[in-house]
Amino acid sequence: MTTVTKTVGRSPWARPLQYLALLAYMCFLAFPLLFLLTTAFKTPRELQSPDAGLLPERLDFGNFTSAIDKADLYTAAGNSLLVAVTTTLVVTVVALPAAYALVRFRTKMRAVATGWILLSQVFPFILIIIPLFLLLKNIGLVNTLLGLVLVYAVWSLPFSLWMLQGYVAAIPVELEEASAVDGAGRLKTLRKVVLPLLAPGLVATSLFTFINSWNEFFFALVLIQDPDMQTLPLALARFVGAEGQVQLGQLAAAALLACIPSLVFFLLIQKRLTAGLLSGAVKG
Amino acid sequence: MTALAAPPRRRRRSADGRDAWLLVLPALLPVMLFSVYPLVYGVLLGFTDAEAGLNVETRFNGLDNYIELAGNGLFWESFKIGLVWAFSVTILQFLASLGLALLLNLDLRLRWLARTLALIPWAMPPVIIAIMWQLMLNPSYGPVNRMLDAVGLPSDVNWLGEASIALPVVVVVGVWAGMPQTTVTLLAGLQSVPAELNEAAAIDGASTWRRFWHVTLPALRPIIVAITTLDLIWNFNSFALVFVLTAGGPGGTTMLPSLFAYNEAFRYGNFGYAAAMGNVMVVLIGAFLLFYLRGQMRRRLQ
């Protein structure tokens, strides 16, 4: 009896300590978010007063409306959306056939591609951005959204390929063979068998590309100087420098709004995301 | 079977090869043009005196950049800061994430909430994370100082503005921002450790600590090596977070090498010199990774 309780029951302190640790983690993770959230709902008067509580007196949407009304933030959000959507379309169209080919046709290409995918992660951005800047300048694409789309597409491609490869590899090749035996041509097989099975993975991959472009900062910082062309992260970073100290509530509101696309996406696919990342890694 | 099937199979294979090329080409062309070419170009630029501006002639200058760089105390100072930053963030992030992943793997209440909270920083743009922490740490109205004030501790600390503490503070923000990936990966790893192994060890009378050390940790090793390697690379190359938080200040105490090279290239226009810094960074980091991964491989083989 005693031996059983000794191995199974462990110390009576274990559970409370575990909860304590979990609580500490939750505070560390949640506190900044809570602060941002409450700040966004506070009126400027509340933010000025030194003895205001942590929670706002009431839900005030004034910060959100005035943040949206700001012309440059509005333009910037539009630019970000345009760039992110175009990048996602380009990357998906280009990566899908390539991922399929890399998995289904066993050629040397796959080893080379995997090598390139890994290598592209190690190189410091500075080595890529200087030549890209010069290249885009030569063809007149600096300070344009098209230039940004090109850079983002190429930049997202390795990771999208990596993820998509995992999803393609998860589709049993026997299904395609069966479809071929039934007399379906290659294109028909791809359209009717492979594509539907790949759809969830494709959605996850393209959303991932979307979020990466939506959030990207460094390339935009170097390639975009024209205020009319700036993306949301750029506009927000400048907002901090210019008037953010005064317009605290607006800044917090704008920051929250900028997070919404990624937050929605992550909460929707949190399970699939990890599965996709890992399968890409394991089967790569 | 092979003898019979060989001729048609070979034809089939070459057709397959053509198909494969056709499918890969749309991806290959832009990657060659906007990824391989710039990278090769970038490495070569490191051996030239390229500068920003029109009509500036660029010449190869051999190792001049590296000789100059060797004597550039500021760059090596920044490189040292980069190493301190990358290693402290990676190690702290790993320890914190391992703890959280172990907790999330237990059957605790509120696990879903902690799990969701742990994911949120991943979904936030680094620029927003930086803005948020800047507000948090503001010396006059930031909630951190206010809370310190409420419990009677010194509350006039300028967290991001004081040279002696800016780097550790930035490291904490880096850990906060990077924990999700590591936690999620480690959690997935933990869930793939066969429960029978732990049960068997428990029946043999192994304590929780010994089971963790001798069963769980070895099973996790490949995942730990993979994620810490990636974290280290990402952290060493990270830019946006620190750029927005401190821009390298105060007094250059948080000047990561990526920020340093960015300033050199796009503020002072010394493209060749900045590319040379990039080359030095990639060689040193590459050498370290090779060393680390080879050590781990050897351990695994033993």
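Predicted model: local features only at pLDDT ≥ 70, side-chain atom pairs only at ≥ 80, totals over all residues.
A:N143 sits in the loop that joins α7 to α8 (145-169) of chain A. Its phi is near 70°, a positive value in a residue other than glycine. Most residues other than glycine have a negative phi.

Chain B has a residue of this kind at B:A247, where phi is positive at about 55° although the residue is not a glycine. B:A247 is placed in the loop between α10 (240-245) and α11 of chain B. There are 13 other C-beta atoms within 10 Å of B:A247, which makes it partly exposed.

## Fold of chain A

Chain A contains 13 helices and zero strands. Its pattern along the sequence is therefore a run of α elements, written α-α-α-α-α-α-α-α-α-α-α-α-α.

Of the 284 residues in chain A, 42% count as buried. Among contacts in chain A with a separation of 6 or more, 76% are between residues 24 or more positions apart.

## Annotated transmembrane regions

For chain A, the unreviewed UniProt entry places the feature "transmembrane region" at residues 20-41, 81-103, 115-136, 142-164, 193-211 and 248-269. Two of these spans can be set against the model. Residues 115-136 of chain A are 91% helix and 0% strand, with end C-alpha atoms 26 Å apart. Residues 193-211 of chain A are 100% helix and 0% strand, and the end C-alpha atoms of that span lie 28 Å apart.

For chain B, the annotation "transmembrane region", also from an unreviewed UniProt entry, covers residues 20-40, 83-104, 116-137, 157-177, 232-251 and 271-293. In the model, residues 116-137 of chain B are 86% helix and 0% strand, and 24 Å separates the end C-alpha atoms. Residues 271-293 of chain B are 100% helix and 0% strand, with 32 Å between the end C-alpha atoms.

## Contact between the chains

Chain A and chain B meet in a contact that takes 62 residues from chain A and 68 residues from chain B. On the side of chain B that touches chain A, helix α1 (residues 2-45) gives the most, with 18 residues. By class, that side of chain B has 55 nonpolar, 11 polar and two charged residues.

## Helix pair α7(A) and α11(B)

Two packed helices are described by the angle between their axes and the distance between the axes. For helix α7 (residues 125-138) of chain A and helix α11 (residues 257-266) of chain B, the axes come within 10 Å and cross at roughly 20°. The two helices, α7(A) and α11(B), are therefore roughly parallel, since angles under 35 degrees fall in that class. The crossing of α7(A) and α11(B) is right-handed.

From α7(A), the residues that make the contact are A:F125, A:I126 and A:I130. From α11(B), they are B:S258, B:A261, B:Y262 and B:A265. The residues of this contact between α7(A) and α11(B) divide into six nonpolar, one polar and no charged.

Conventions: Residues numbered from 1 in each chain as written. Chains lettered and ligands numbered in written order. UniProt positions renumbered as here; feature names shortened; annotations may be inferred. Helix = DSSP H or I, 4+ residues; strand = E, 2+ residues; numbered from the N terminus. Buried ≥ 20, exposed ≤ 12 C-beta atoms within 10 Å, placed from the backbone. Contact = placed C-beta atoms within 7 Å. Nonpolar A, V, L, I, M, F, W, Y, C, P; charged D, E, K, R; others polar. Axes fitted to C-alpha atoms, helices over the stretch in contact; angles between N-to-C directions. Parallel < 35°, antiparallel > 145°, perpendicular 65-115°, else oblique. Left-handed = near helix turned anticlockwise from the far one by under 90°.
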